[in-house]
Amino acid sequence: HLVMGGNETQTKFILLGITESPRVQASLFGLFLLIYIVTLVGNIGIMVLVWVVPSLRTAMYFFLTHFSFTDVCYSTVISPEMLADLLSENKTISFAGCVTQFHSFAFFVTAECHLLAVMAYDRHVAICNPLLYATVISSRVCRQLVASSYLIAFLSAVIYTACTFGCSFCGPNQINHFFCDASPVLKLACSDTHSNEMVIFAFVAINAVGTSVIILLSYICILRTVLRMRSAWSRSRAFNTCASHLIAVSLFYGTIFFMYLQPASSHSSLDKVASIFYAVVTPMLNPFIYSLKNKEVKRALVKCRRRMLNLG
């Protein structure tokens, strides 16, 4: 055992997972394996498509490739461990493994928040100031916006991780969850966690509320501009370019707010359902949302298919 803060602390944790029923575990393994494969194929497919189709090499799709990249990464942080645990009786994870999993997850989820805000700003400039778009959203600005999203996410993840694992863990070691998340881990701490919880809550609020305000303001400006358009075709086109992003934002922020912007005492068994939704299901849905609602992506897919058939 390690010694931390003067107390004996755990060197490993046991993840209790989603359910204890072997039959349900076997069914869930098949379902989640399928979801994970679809997530990888869909998101990597979008990244490859943007890379090989010249017409998709624009700022909007540059941001979309990074969005797909974060989806692949945070799904991969959670799903393989969860799938292994569904088949295994030994559901232990080392202390270092738990810290690494949580830090990686916090990093990619926070990056996704900021990328969604960046994508909303991109749509705002494209629709409200189309003549200035090439100047405002230059390739240099695109790189800076993405880099700042990752930097803020990394610093936030360091704070979340320090607050979650900086306590003493000398008692029970069973985490009532399928991955190492802040709330179920903090419940196992021997020391008082109130100040740690408040810091985590504050930073989640800054990241989630801050980015959602940017998204909201962007869409208020977009709505005002669209309603002023005289042509019904122009209005329809503008709404279509935003529809995918709005659906992705609703799915992601709905579960994030439910999970993290509530006091620790309010957490319930519904947390696992919400976690499955945003950590496992949403990354799978995003490629469908962006390809089914987007005519440019559909055209690019048709072109790629034709090319492949010609090669064949």
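What is the handedness of the link of cysteine 98 and cysteine 180 about the S-S bond? That link is left-handed, with -115 degrees about the S-S bond.

Before the details, a word on conventions. This is a predicted model, in which local features need pLDDT of at least 70 and side-chain atom pairs count only at pLDDT 80 or more, while totals for chains, interfaces and linings use all residues. Residues are numbered from 1 along each chain as its sequence is written, and side-chain values use heavy atoms, with hydrogens and water left out.

I begin with the disulfides. A disulfide here is a pair of cysteine sulfur atoms within 2.5 Å. By this rule there are two disulfides. In one, the sulfur atoms of cysteine 98 and cysteine 180 are 1.9 Å apart. This pair links distant parts of the chain, 82 residues apart: cysteine 98 is in helix 3, and cysteine 180 is in the loop between strand 5 and helix 6 (182-186). Helices (H or I, at least four residues) and strands (E, at least two) are DSSP runs, numbered from the N terminus.

Burial is judged by relative accessible area: buried is under 20%, exposed is over 50%, and partly exposed is in between, with a 1.4 Å probe and protein chains only. Cysteine 98 is buried at 0%, and cysteine 180 is buried at 0% as well.

The other disulfide joins cysteine 170 and cysteine 190, with sulfur atoms 2.0 Å apart. Cysteine 170 lies in the loop between helix 5 (139-165) and strand 5, and cysteine 190 in the loop between helix 6 and helix 7 (194-228), so the pair ties together parts that are 20 residues apart in sequence. Both ends are partly exposed: cysteine 170 has a relative accessible area of 38%, and cysteine 190 has 37%. Counting bonded cysteines along the chain, the pattern is 1-3, 2-4.

Three strands form an open sheet in the order 4-3-5, with mixed pairing; two strands pair if DSSP finds at least two bridges between them. Strand 4 (92-94) and strand 5 (174-175) are the edge strands. Strand 3 (residues 12-15) runs parallel to strand 5, joined by two bridges, and isoleucine 14 stands opposite glutamine 174.
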